[in-house]
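Morning, everyone. I have one structure to go through today, so let me put it on the screen.

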Amino acid sequence: MSIHSANDRVEAPALAANDDAPKLNKRQASKVATREKLLHTARVLWAPAGSYGSVTIRDIAAAAGMSTGAIFANWQGKEDLWRDAMGYEPPVDCEAVRAALKAQAAQARRAA
């Protein structure tokens with residue numbers, strides 16, 4: 001899988017104007033834009049299957065052209081960013097889970 005280098009930037013789509021939305025001051029608007037750009041960048045980098053483990057907070061920040069501090073100002077960590085960006089719990093991929101899945105598959109083969 002290819003991860004963008006620090007010099008590659010992911011461009012976030014322009015935010016649509018909403019006439020009914022409350023007016024934000026410049027600081028608030030900047031915070032919203034930063035958050036949306038980070039969410040968009042995370043979605044782009046995590047789009048390929050199996051990319052959760054290999055894509056780091058640093059990768060996302062670099063691709064967005066921001067510091068890791070920008071991520072931690074909005075989320076507690078990678079798992080929280082994933083939940084907001086992808087809309088569901090982060091994948092669990094560890095030796096224990098793989099072993100359990102293998103055991104479950106073996107049991108299903110024996111039962112068949």
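Which residues do ring pairs link into a cluster? They are Trp46, Tyr52, Trp82 and Tyr88. Before the details: this is a predicted model, where local features need pLDDT of at least 70 and side-chain atom pairs count only at pLDDT 80 or more, while totals for chains, interfaces and linings use all residues. Residues are numbered from 1 along each chain as its sequence is written, and side-chain values use heavy atoms, with hydrogens and water left out.

The structure holds 4 aromatic pairs. Rings of Phe, Tyr and Trp (its six-membered ring) pair if their centres lie within 6.5 Å; planes under 30 degrees apart are stacked, over 60 edge-to-face, and the rest tilted. Tryptophan 46 and tyrosine 52 make a tilted pair, at 5.8 Å centre to centre with 40 degrees between the planes.

Buried here means under 20% relative accessible area, with a 1.4 Å probe and protein chains only. Tryptophan 46 is buried at 2%, and tyrosine 52 is buried at 12%.

Tyrosine 52 also has the charged end of lysine 78 over its ring, 4.5 Å from the centre. The criterion is NZ of Lys or CZ of Arg within 6 Å of the ring centre and within 35 degrees of the ring normal.

Lys78 brings us to helix α4, residues 78-86 (helices are DSSP runs of H or I, at least four residues). Lys78, Leu81, Trp82 and Ala85 are its buried residues. Seen down the axis, they fall within an arc of 105 degrees, taken from the directions from the axis to the C-beta atoms, so they line one face of α4. Just after α4, glycine 87 has a positive phi of about 85 degrees.

Note on methods
Buried means under 20% relative accessible area, exposed over 50%, partly exposed in between (1.4 Å probe, protein chains only). Helices (H or I, at least four residues) and strands (E, at least two) are DSSP runs, numbered from the N terminus.
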